[in-house]
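Please open the structure in your viewer and keep the selection panel at hand. The stops below go from an interface between domains to the ligand.

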Amino acid sequence: MAPPAKEGGEDLEFEAVASALDQMERITSRTQLTLLLVGILKKTPARVIDKVVYLIQGKIGPEWKDLPELGIGEKMLIKAISLAYRTSEQQVERLYKSIGDLGKVAETLSARAGRPAASGLLAFMETEKASLTVSRVYDTLLRIAYAQGEGSRDLKLRLLSGLLADAKPKEAKYIVRFVEGRLRVGIGDATVLDALAIVFGGGAQARPIVERAYNLRADLGMVASLLAQKGLEALQDIGPMIGIPIRPMLAERGKSLEELFKKVGGKAIVEYKYDGERAQIHKKDDQIYIFSRRMENITNMYPDVVSMARERIKAREAIVEGEIVAIDPETLELRPFQELMHRKRKHDIYRVMKEVPVAVFLFDVLYADGKDLTKRTLLERRRVLEDIVDPTETFAIAKYVVTDDVNEAWRLFLEAVEEGAEGIMIKAIHDKSYYVAGVREWLWIKFKRDYKSEMMDTVDLVVVGAFYGRGKRGGMLSSLLMAAYDPERDLFKTVCKVATGFSDEELANMQELLEPLKRQSKHPRVESRVKPDVWIEPSLVAEILGAELTLSPMHSCCLDAIRQGVGISIRFPRFIRWRPDKRPEDATTEEELLEMYKSQLRKVEEAPAQEAV
Ligand code: ATP
């Protein structure tokens, strides 16, 4: 039996985390996954619950914190294992070749090292290793990450091998997996939220409160700590905080402007939908943070936006949102999204800043000088935004009109497209038009250029499996099993198999992208009727374009929604591009696909009438 936790139960044995991770590998259902998490969180003392939440998700903190990478490649890991278990690197490599998994290699070597070599007291001492606590593991990993510069390689090695030497076999396996980055995507945020609601709020009824707190402060560790230390009440009146990203509010999509106006209550803000990168800009005095759509800290990528924000936002403290768009350096005309991505790939940021200048078009404010504005209406927020920003041509308020006139919206749409924007956003302005963080609602609706074309809209789907190619592509994973997201049940449900649209280069890169994500069995968050050659951890999002949506008995997305035993699939799906700015949970949802299918049906039914217009 494990000894009691030190310091009056203020820590948790790391063994508990390792054994939970071990069980997770074998379960295939989401419910079991949640229950397992509930079990471990119940055991965890409040003081370390944030660390457990991070570790179990394979990280040392939320993405936006911009924590340094652990900086341990495969070679160094092999060396650390050899040092820990006093064996040669060649021996570790040999084992690696035969087992094919460094985590298991460490597990094996740790078991051998701990095997009693003598009888009596000596044997007991050798087997009974000092037990590792969650804090020891977490803090050491943090120290490894922060070891930078001269001598850091040795320090990292020493820290890691020390940790492995003290780890029990199972613990060693998961420490190695963690260092390899192979735990990263196992448990989704929604599952952690479910588990937290059960443990600290008594069940599903507490879920909205926990979720709202997380939406306003995107740090699951922090939310878990608050809950464990102060209870559910502490989350009730939580507000935004400068430096912690708010999960972005999202838009539904629509096809008929008349319908969209009805949906938002008749009168709306209609504004340009710019084609760039979403940015949430936080300002506190001279300190500026910029967070991406998936809440990564992208401040360093946009020094020009930082200085514009510093100069042009007049409030001492503010959180505003806008779109960063590439512009032509000479004419200041809008340039396509791809050009902005070009900027992101380059390292010499100050040079690229000149080659691909950008403009920012602001469309919301969520917080200003101590006031949480998320519960204010859009028109109120817009007034505050206009008050606190001193605009220029390249740091402006998004172009908009307030109207109830469909024709005026059409004019703005055509003008927007002509000027290089993607289309328009229609936004509700009624008295419930709040900023609903982290949610896709009919308060904002996008109406895009491609909705007018005959082709279906693109969708963003998650890779959950892959198939080997034949002929020229033999031995290569060359088609992907793609899934949509069901946020209700936190599941990925398959929609189609994509085999076209990849360039040779993309195919080659894809092998590397998929390698660390391969799994022995289906991930518990995936629901599939198709069995791919290789299961893939849901992590990568790709934009897919197809000819149309069809009913299909093969796929689990929208199963039984239209007809019993049949789901929805995409005909002639084609890979367009990767969407690294999206997390798997940001993929197109099952409900959206169902809506798209229904509106496709309506379009067919209404076709003659539309042509007559
Ligand atoms: P898409 O895939 O269509 O770009 P998305 O799935 O990334 O959209 P949505 O919420 O569906 O995100 O569409 C809204 C996105 O459009 C925002 O995330 C933002 O980046 C961008 N955008 C451009 N102009 C505006 C605007 N005026 N108001 C709100 N969002 C805007």
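How much area do domain 1 and domain 3 bury between them? About 380 Å² is buried between domain 1 and domain 3, with 57% of it on carbon and sulfur atoms, where buried area is the accessible area (1.4 Å probe) that two parts lose on being put together, summed over both. Before going further, note that this is a predicted model, in which local features need pLDDT of at least 70 and side-chain atom pairs count only at pLDDT 80 or more, while totals for chains, interfaces and linings use all residues. Residues are numbered from 1 along each chain as its sequence is written, and side-chain values use heavy atoms, leaving out hydrogens and water.

Select the ligand next: 19 residues surround it, and the closest are Glu 323, Arg 440, Lys 446, Lys 448 and Lys 582, a residue being counted if one of its heavy atoms lies within 4 Å. A polar side-chain atom of Lys 448 lies 2.6 Å from an oxygen atom of the ligand, and for Arg 278 a side-chain N or O atom is 2.9 Å from a ligand oxygen.

Note on methods: Polar contact = N/O pair within 3.5 Å; in protein donor to acceptor, adjacent residues only side chain to side chain.
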